[in-house]
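Please read them with the structure open beside you.

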Amino acid sequence: MADTTAKREPATVETDELTQKVKRAKTDSENGRGEVGDEFETDVLSGFQTSAVLSDSAREKTIFIRGKLADEDAVVILEKTPIREDTLAELFTGSRLKLEMRNDIYSTYRLQPPPHLNEIKTTVVCPATEKHVKKYQRQESFLVEETGEDYKTITLPYIQKQSFSVQWVHNILEKKAEADRIVFEDPDKEVGFVLLPDFKWDQKQADDLYLIAITHQRNIKSLRDLTSDHLPLLQNIFQKGKEAILQRYNLPASKLRVYLHYQPSYYHLHVHFTKLGYEAPGCGVERAHFLADVIQNLQADTQYYKTRTLYFPLRADDGLLSKFKEAGRL
């Protein structure tokens, strides 16, 4: 199912051999800038063997590649990093220009910047499953209309049968992984959460700020499980998440988009914090639900998300889409 694998795309490797080879550069969590460490690992991708390009986007400057890494199936994601305002002076003075065209007041060039200003963010998923491959492969999508009854009879049985792993989420909550990346934590087991950067954000500028709040409660799969009993949890995330971002990144609540996905990328309740104006993947109306709206809906009706009809996109090869077709719902 395309929307049920871990969207955060952790760049870690589970096999013993590759764990020694693929180590994610640690961020400087103390200075608040998220800068990458000084150590370079030159051998991580040297043995990567490309088998197919799953998808690419010239507009987003990304490419998703399938291949082999140390005899394990792998997906490598390459993404051009944004141009930062604080590097412009060095970019202008330290780059080489090659003229391509000049016509009246217009001229175009090929600019070759210093290597450290020409980075490509690289995410490695290894070992990659077929679910990962399908997730990153370009496909047609369909909008599904799911009633409360559809969730009980189609979606929930499918989720339970698939048993999608969220062990990597538990590793974060238990500080077994990514502890140095946590921006804020409320340790309370009922209303607490951890706030940390999404892997899609390189933390070098606030324009594409993207953080995830993951609840300490482990029995809430998605929006469908929420009732008014969860209002203290949701309100706590909403308030303390905004406060932490203001303190850490000097970004006020009026510049934030705070929302949940349905269907979610993984079945452990989490909330997205992105900067308003940044077109983050999945922030469109067909999938995103503002946390403020969720809170108000539950205040008005404790069973709101258990009974209302929800809409969400599924890709053509998604197993859940097949279940809706088999039930005559699409």
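1. Two strands are taken to pair if DSSP finds at least two bridges between them, and helices (H or I, at least four residues) and strands (E, at least two) are DSSP runs numbered from the N terminus. This is a predicted model, in which local features need pLDDT of at least 70 and side-chain atom pairs count only at pLDDT 80 or more, while totals for chains, interfaces and linings use all residues. Residues are numbered from 1 along each chain as its sequence is written, and side-chain values use heavy atoms, with hydrogens and water left out.

2. An open sheet of four strands runs in the order β1-β2-β3-β6 with antiparallel pairing, and its edge strands, β1 (49-57) and β6 (120-125), each pair on one side only. Within the sheet, β2 (residues 62-69) and β3 (residues 72-80) are joined in the antiparallel sense over eight bridges, with T62 standing opposite E79 in β3.

3. A nonpolar core here means a set of buried Ala, Val, Leu, Ile, Met, Phe, Trp, Tyr and Cys residues joined through side-chain atoms within 4.5 Å, where buried means under 20% relative accessible area, exposed over 50%, and partly exposed in between (1.4 Å probe, protein chains only). The largest such core has 61 residues, of which L195, L211, I214, L226, I245 and F273 touch the most other members. Helix α6 (residues 231-249) gives the most to this core, with seven residues. A second, separate core of eight residues includes I77, V125, V133 and Y136.

4. Taking contact as heavy atoms within 4.5 Å, and not counting residues up to four places away in sequence, L211 touches a list of residues that includes L195, W201, I245 and F273.

5. A salt bridge is a side-chain nitrogen of Lys or Arg within 4 Å of a carboxyl oxygen of Asp or Glu, and by this rule the count comes to 16. K275 and D207 form one of them, with the closest N and O atoms 3.3 Å apart. K275 lies in strand β12 (residues 270-275) and D207 in the loop between β9 (193-197) and β10 (210-215), so the pair ties together parts that are 68 residues apart in sequence. K275 is buried at a relative accessible area of 17%, whereas D207 is exposed at 55%.

6. E326 and K323 also meet in a salt bridge (3.9 Å, N to O), and both lie in helix α9 (residues 319-326), three residues apart, about one turn of the helix. E326 counts as exposed at 61% relative accessibility, and K323 as partly exposed at 33%.
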